[in-house]
Amino acid sequence: MQRGTLGQWDTSIAGGEAVRAFVPAPLPPKPPLALDAPRLQRLERALLALGRLDAIAALLPEPDIFLYAYVRQEAVLSSQIEGTQSSLSDLLLFELDAAPGVPLDDVVEVSNYVAALEHGVARLREGFPLCNRLIRELHEKLMARGRGATKAPGQFRTTQNWIGGSRPGNAVFVPPPPQAVEPCMAELERFLNDPAGPGALVKAALAHVQFETIHPFLDGNGRVGRLLIAFILHHEGVLRQPLLYLSLFFKRHRAEYYRQLDAVRLSGDWEAWLDFFLEGVAVTAQDAVDTAHRLLALFAADRARILPRGRAAPNALRVFDVLRHRPVANIKLLADRASVSFATAARAVEALEQLSIVREITGRARERVFVYGGYLDLLARVGGEA
């Protein structure tokens with residue numbers, strides 16, 4: 001539906017230039033969303049996919065294994081959209097205090113994303129409301145270290161920013177003036193917590209665009225805006241675990257994603273955005289279910305390969321169990337977590353190497369690091385890295 005511009009243009013000063021900055025109207029859209037039969041079918045398909053994802057997460061014997069991997073893969077993908085070069089193995093090496101294969105600032109940004117996501121989940125489980133204070137806390141975690149540390153972590157901006165272009169005057173889009181940020185975010189907070197508002201999926205779709213349009217921080221808006229989707233669905237009880245992350249879908253359809261955001265701002269076409277969003281939810285949720293099944297099948301197949309190892313099998317299985325939880329590890333970590341001696345862990349790793357379950361990635365004689373190859377290869381394929 002073409003509503004025309006839903007908001008107003010104000011004059012703002014950025015970089016010494018006078019520019020037209022857009023202030024969006026509060027949510028929900030007016031007139032209301034046109035939920036015709038085809039759109040309701042898309043909504044139902046997306047909800048069914050989320051239901052399957054929630055069910056598989058509940059039925060997994062060890063859901064934390066899947067959550068650990070999925071959260072970190074999302075952190076990598078979301079940060080890649082912003083230009084970092086980190087891979088999942090880079091992040092896991094960094095968490096092991098080993099040197100990643102990319103600039104340190106890149107992997108620090110990804111690690112910050114994991115910290116922000118885990119902080120948000122913990123806060124919501126404490127019963128903390130989905131509010132601007134939590135959004136600022138997420139941003140503070142996201143920008144705590146590295147390149148973002150000088151970009152006012154945890155604070156709404158007090159200066160004008162812009163999106164695209166080499167300067168404000170030729171920007172692709174100029175968000176609201178700084179004095180409008182607090183009022184706009186207050187309205188968004190009211191929408192997020194309105195019991196009479198739309199269902200969780202529609203709410204997440206609308207709130208994501210509104211947040212991206214307000215662009216309330218100096219940096220990190222895209223990553224916080226993508227986190228917001230998962231947190232809304234978790235907070236509203238649609239997903240018991242925050243397992244829906246749309247970064248890969250947005251990355252694969254980047255041009256269309258930005259075109260849809262612009263269409264909402266310029267012509268008020270919320271329906272086309274909702275269709276795009278619901279397709280992303282359905283595809284992403286099904287991909288996550290498929291990934292969970294593949295991980296379970298991989299674990300079962302590799303365990304079956306270890307069992308015939310005779311007397312070496314019990315300790316190899318103990319180390320293998322650690323690798324399922326931490327797929328990049330050194331001998332010390334494996335020994336500590338498997339509750340075996342360093343020498344026993346080293347022999348177990350040798351057995352797993354012979355089965356091609358693990359591989360060494362440093363090429364060093366000492367302080368070696370091993371990866372559970374099938375695990376990382378599977379997740380790399382999911383993230384489009386292979």
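His 215 counts as buried, because its relative accessibility is 14% (buried means under 20% relative accessible area, exposed over 50% and partly exposed in between, with a 1.4 Å probe and protein chains only). The model is a predicted one, in which local features need pLDDT of at least 70 and side-chain atom pairs count only at pLDDT 80 or more, while totals for chains, interfaces and linings use all residues. Residues are numbered from 1 along each chain as its sequence is written, and side-chain values use heavy atoms, with hydrogens and water left out.

His 215 sits in the loop between helix H7 (200-214) and helix H8 (221-235); helices (H or I, at least four residues) and strands (E, at least two) are DSSP runs, numbered from the N terminus. Leaving aside residues up to four places away in sequence, His 215 touches Arg 157, Asn 161, Ile 163, Pro 175 and Asn 221, where contact means heavy atoms within 4.5 Å. Val 224 belongs to helix H8 and counts as buried because its relative accessibility is 2%. With the residues up to four places away in sequence again set aside, the contacts of Val 224 are Ile 135, His 139, Leu 142, Phe 211 and Phe 217.

Both residues fall within a UniProt annotation, "binding site", from an unreviewed entry, which covers Glu 82, His 215, Asp 219, Gly 220, Asn 221, Gly 222, Arg 223, Val 224, Gly 225, Arg 226, Tyr 257 and Tyr 258. Of these annotated residues, Arg 226, Tyr 257 and Tyr 258 are included in the lining of the largest cavity. The same record type also supplies "domain: Fido" (unreviewed entry), listed by UniProt for residues 130-279. UniProt positions are given in the numbering used here, feature names are shortened, and annotations may be inferred rather than shown by experiment. The span 130-279 is 57% helix and 0% strand, and its end C-alpha atoms lie 25 Å apart.

How many cavities of 30 Å³ or more does the structure hold? There is one, and the largest cavity contains about 30 Å³ of space. On a 1 Å grid over the protein atoms alone, a cavity is a set of points where a 1.4 Å probe fits but cannot get out, and lining residues have an atom within 4 Å of a point; grid points are joined across faces, edges and corners, and a volume is the space filled by probe spheres set on the points. The largest cavity is lined by Ile 81, Arg 226, Phe 250, Lys 251, Arg 254, Tyr 257 and Tyr 258. Helix H9 (247-252) and helix H10 (254-267) each supply at least two residues of this lining, and H10 gives the largest share, three residues. The lining comprises four nonpolar, no polar and three charged residues (Ala, Val, Leu, Ile, Met, Phe, Trp, Tyr, Cys and Pro count as nonpolar, Asp, Glu, Lys and Arg as charged, and the others, Gly among them, as polar).

In helix H13 (residues 331-338), the buried residues are Ile 331, Leu 333, Leu 334, Ala 335 and Ala 338. These buried residues pack against helix H12 (313-325), strand E3 (328-330), helix H14 (342-354) and strand E5 (369-372). Ser 339 follows H13 and has a positive phi, near 60 degrees.

Turning to the cysteines, the count of disulfides is zero, a disulfide being a pair of cysteine sulfur atoms within 2.5 Å. The sulfur of Cys 131 lies 18 Å from the closest cysteine sulfur, that of Cys 184, which is too far for a bond. Cys 131 is buried, with a relative accessible area of 10%, and Cys 184 counts as buried at 10% relative accessibility.

Key
On a 1 Å grid over the protein atoms alone, a cavity is a set of points where a 1.4 Å probe fits but cannot get out, and a pocket is an open set with protein on both sides within 12 Å along at least five of seven lines; lining residues have an atom within 4 Å of a point.
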